[in-house]
Each structure stands twice: as C-alpha cells, then as structure tokens.
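Open your viewer and get ready to click along. We will look at ring pairs, and then at a nonpolar core.

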Amino acid sequence: RGKFGIYYGMGVFVKMSDKLAFVPEFKPFSYRGAQNVKPISPYAIDDASYSLALNYLDLPILFQYKFSKHLYIATGPQINFLLSAKQRGYGFVTGTDREIKISESFYDTFEPIYFSWPAEVGFCFTDVIQKQDLDFKIRYNVSFTDVIADKSYGSSHISLFQFILSI
C-alpha cells in the first residue's frame with residue numbers, strides 16, 4: 001500500500017518550437033514509501049506492522065508537446081539517486097501493552113541509483129498570479145531497473161503517481 005508524501009523542485013522550460021519544449025528538472029527531495037510491507041528485518045514485537053520510507057534526488061529530462069495553449073503532455077527518462085532508506089516497525093513490546101516504534105536505516109539494501117520513465121498530462125492556467133502561469137500536472141512514473149540491491153529480499157520496481165502544481 002502506498003504512502004503520500006510532499007516533494008519540491010525546480011525546472012527549466014526551453015522552448016524548441018511552438019509545440020515542443022525541453023524541460024529538465026531538479027528535485028532534491030522526492031519521497032517514496034509503502035505501508036504494511038513485508039519486513040526487511042523483522043523485529044521481536046507483537047502485532048507488528050512495517051513501513052518503508054525512501055527519499056530520492058530526482059533528475060527528470062522531459063520533452064513536452066503542446067496540443068493547445070493550455071493542454072500538453074510530457075515524457076522522458078529520469079535518474080533517481082537514493083538519499084535515505086528506512087524501515088519503520090510498530091507494535092507492542094512482547095507480553096505487554098506498551099507500544100513501541102522502531103526506525104532503522106536500510107540504505108545498503110537498495111540500489112543507490114535507479115532509472116525510471118515519467119509521463120504526464122498537464123493543463124496550463126495562463127496569467128493567474130501576477131501574469132504568471134499556473135500548471136497542474138498528473139504524472140505517472142515507473143522504474144525500469146530494480147531498486148533492491150540485496151537480491152535475498154527479492155526484487156522490486158517503483159511506480160508512483162504525482163499531482164503537481166507549478167508556477
């Protein structure tokens with residue numbers, strides 16, 4: 001089960017023609033995660049549940065095609081650099097009703113770099129804020145390389161939806 005997270009970044013819009021643009025982005029903090037996952041390392045706690053919190057630096061290189069003044073699509077390769085990887089365990093101390101929360105780094109379990117391919121649909125609201133445009137985008141991003149380095153844990157690919165507002 002997925003988790004919600006906030007990310008931020010910046011990009012450059014390089015107009016190549018009336019319809020085509022080059023849009024590289026830099027996102028220094030991009031969150032990914034999952035709840036109710038199989039533990040990487042189980043803890044001796046009762047009624048345990050586990051989650052993963054992964055943080056990445058993302059570098060998408062997108063090409064945008066405009067259908068009209070307002071509607072566009074964009075897609076291109078993206079490289080993702082792992083910044084941190086934590087497993088969190090929640091449950092109760094064995095034989096008691098005392099709640100316990102454990103957080104542990106598992107950075108070495110994951111690949112430090114993985115490659116993905118985002119695709120987005122965007123709508124541009126023109127002259128919204130002091131003659132600045134406001135874009136609303138829906139982006140789907142799927143990895144095409146494995147994100148788990150230690151194959152004894154299995155394999156995994158990341159896919160995610162992002163809802164983006166940009167000025």
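Start with the aromatic side chains: the structure holds seven aromatic pairs. Here, rings of Phe, Tyr and Trp (its six-membered ring) pair if their centres lie within 6.5 Å, with planes under 30 degrees apart counted as stacked, over 60 as edge-to-face and the rest as tilted. This is a predicted model, where local features need pLDDT of at least 70 and side-chain atom pairs count only at pLDDT 80 or more, while totals for chains, interfaces and linings use all residues. Residues are numbered from 1 along each chain as its sequence is written, and side-chain values use heavy atoms, leaving out hydrogens and water.

Select tyrosine 56 and tyrosine 114. Their ring centres are 5.2 Å apart and their planes stand at 85°, so this pair is edge-to-face. Tyrosine 56 sits in strand β4 (residues 45–66) and tyrosine 114 in strand β8 (residues 113–129), so the pair ties together parts 58 residues apart in sequence. Strands are DSSP runs (E, at least two residues), numbered from the N terminus. Both tyrosine 56 and tyrosine 114 are buried, meaning under 20% relative accessible area, with exposed over 50% and partly exposed in between (1.4 Å probe, protein chains only).

Next, select phenylalanine 110. Leaving aside neighbours within four places in sequence, its contacts (heavy atoms within 4.5 Å) include Ile40, Leu52, Leu54 and Val147.

Finish with the largest nonpolar core, which has 16 residues. Such a core is a set of buried Ala, Val, Leu, Ile, Met, Phe, Trp, Tyr and Cys residues joined through side-chain atoms within 4.5 Å. Its largest share, five residues, comes from β4.

Note on methods
Helix = DSSP H or I, 4+ residues; strand = E, 2+ residues; numbered from the N terminus.
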